[in-house]
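Here is a short briefing on one protein structure. Look over the sequence and the fold, then read on.

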Amino acid sequence: MVNSLYENTLQELESHGIEDSPFETDVIFEEIFGRDFRLKLMTGALKREETESEASRLQEMLRRRLSGEPLQYIVGRWDFYRGEFSVGEGVLIPRQDTETLVESALRLVKDIKSPKILDLCSGTGCIAITLSELLPESEVHAVELYDDAYSYLEKNISDHGNRVIPHKLDVLSPDSVKEFRDFDLITCNPPYLTEQDMQALQPEVTHEPVTALYGGPDGLDFYRKLPIIWKPSLKQDGYIAFEIGASQGEAVKEILEDVGYKNVRIIQDLCGKDRTVVAKL
């Protein structure tokens, strides 16, 4: 019976140490039996035998999850801010932490009628696409280097019917900067995990691309390079906004001040952790 299958799946995930087993069980069952599966459970609509197709699909999803693959990759999409974004192997999974960067960016350009925005290390495009949707008069560009991630960037732009302009370029190459000028805002969620962080990753996170996670021995490589390389792309009095690791605020603030940025501020997320650094050129 499907209702007993739910309990068996929950127990299986719990026995393998899956941290939020009830939530993950719900997501899996929504995928197979519909987003109203809980209502169906309560009304008795799922007091039936599962079909062969349903059983097979559940078995495969469970196998992948218990092997350590992220739930988001298995489902193939994930929510971010007010939208849903396609994800899979080779691209960083959008996280709620990054919504702080979006909120910070919106505040920075709130008085600019038609802001030009550039999102570096764009991955799924969740930052660029969200800003473009919330700022309908904006011009938004997104830069991503790696093939797998770039394919998700293009797919998400298309799926959202969005006008973000994608560019397949290396953000660490000074040559990439040449075509970008007069931007009001640069956003970036760069790789910022330290060597120590990488050695302590949860099994799920090890499936995400190292190129989107590792920021050098102290996690600060991209913060040292990007503000200098991309400074010519900003208007005078333009802004730069980075997501950071919770312990990196002061270090990133100092880096930005040392290379000529002003009004540098550290912004906390809803949990009170340092999450974003913003500065003005």
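**Briefing**

Gln248 sits in the loop that links S7 and H11. Helices (H or I, at least four residues) and strands (E, at least two) are DSSP runs, numbered from the N terminus. This is a predicted model, in which local features need pLDDT of at least 70, side-chain atom pairs count only at pLDDT 80 or more, and totals for chains, interfaces and linings use all residues. Residues are numbered from 1 along each chain as its sequence is written, and side-chain values use heavy atoms, with hydrogens and water left out.

**Overall build**

- The protein has 11 helices and nine strands.
- Its radius of gyration is 21 Å, close to the 19 Å that the globule rule gives for 281 residues, so the protein is as compact as a globular protein of that length. The radius is taken over C-alpha atoms, and the rule is 2.2 Å times the number of residues to the power 0.38.
- Along the principal axes, the C-alpha trace spans about 65 × 40 × 35 Å.
- Of the 281 residues, 52% count as buried. Buried means under 20% relative accessible area, exposed means over 50%, and partly exposed lies in between (1.4 Å probe, protein chains only).
- Among contacts with a separation of 6 or more, 65% join residues 24 or more positions apart. Contact means heavy atoms within 4.5 Å.

**Nonpolar cores**

- A nonpolar core is a set of buried Ala, Val, Leu, Ile, Met, Phe, Trp, Tyr and Cys residues joined through side-chain atoms within 4.5 Å.
- The largest core has 34 residues, and Leu120, Trp230 and Leu256 have the most contacts inside it.
- Two or more residues of this core come from each of strand S3 (116–120), strand S6 (183–188), helix H10 (221–229), strand S7 (234–243), helix H11 (249–258) and strand S9 (274–280).
- H10 gives the largest share, four residues.
- A second, separate core of 27 residues includes Ala105, Ile127, Leu135 and Tyr239.
- Which residues does Leu120 contact, leaving aside neighbours within four places in sequence? Leu120 meets Val143, Val171, Ile186, Thr187, Cys188, Asn189, Leu226 and Trp230.

**The second largest pocket**

- Rolling a probe the size of a water molecule over the atoms shows where empty space is left.
- On a 1 Å grid over the protein atoms alone, a pocket is an open set of points where a 1.4 Å probe fits, with protein on both sides within 12 Å along at least five of seven lines. Lining residues have an atom within 4 Å of a point.
- The second largest pocket has a volume of about 310 Å³. Grid points are joined across faces, edges and corners, and the volume is the space filled by probe spheres set on the points.
- Its lining has 13 residues, and Gln96, Asp97, Thr100, Asp269 and Leu270 lie nearest the centre.
- Helix H6 (99–108) and strand S8 (262–268) each supply at least two lining residues. H6 gives the largest share, four residues.
- The lining divides into three nonpolar, three polar and seven charged residues. Here Ala, Val, Leu, Ile, Met, Phe, Trp, Tyr, Cys and Pro count as nonpolar, Asp, Glu, Lys and Arg as charged, and the others, Gly among them, as polar.

**Residues to find**

- Is Gln248 buried or exposed? Gln248 is buried, with a relative accessible area of 6%. Not counting residues up to four places away in sequence, Gln248 touches Tyr192, Asp218, Gly219, Leu220 and Tyr223.
- Ser86 is in strand S2 (residues 83–86). Ser86 is buried, at 11% relative accessible area.
- Arg265 lies in strand S8. Arg265 is partly exposed, at 44%. The C-alpha atoms of Arg265 and Glu250 are separated by 9.4 Å, and the two are 15 residues apart along the chain.
- Leu281 is in the segment after S9 and counts as buried, at 10% relative accessibility. Leu281 and Trp78 are 203 residues apart in sequence and 34 Å apart in space, C-alpha to C-alpha.

- Most residues other than glycine have a negative phi.
- Cys121 is not a glycine, yet its phi is positive, near 55 degrees. Cys121 is in the loop between S3 and helix H7 (126–134).
- Asp182 is not a glycine either, and its phi is positive at about 60 degrees. Asp182 is in the loop between strand S5 (165–168) and S6.
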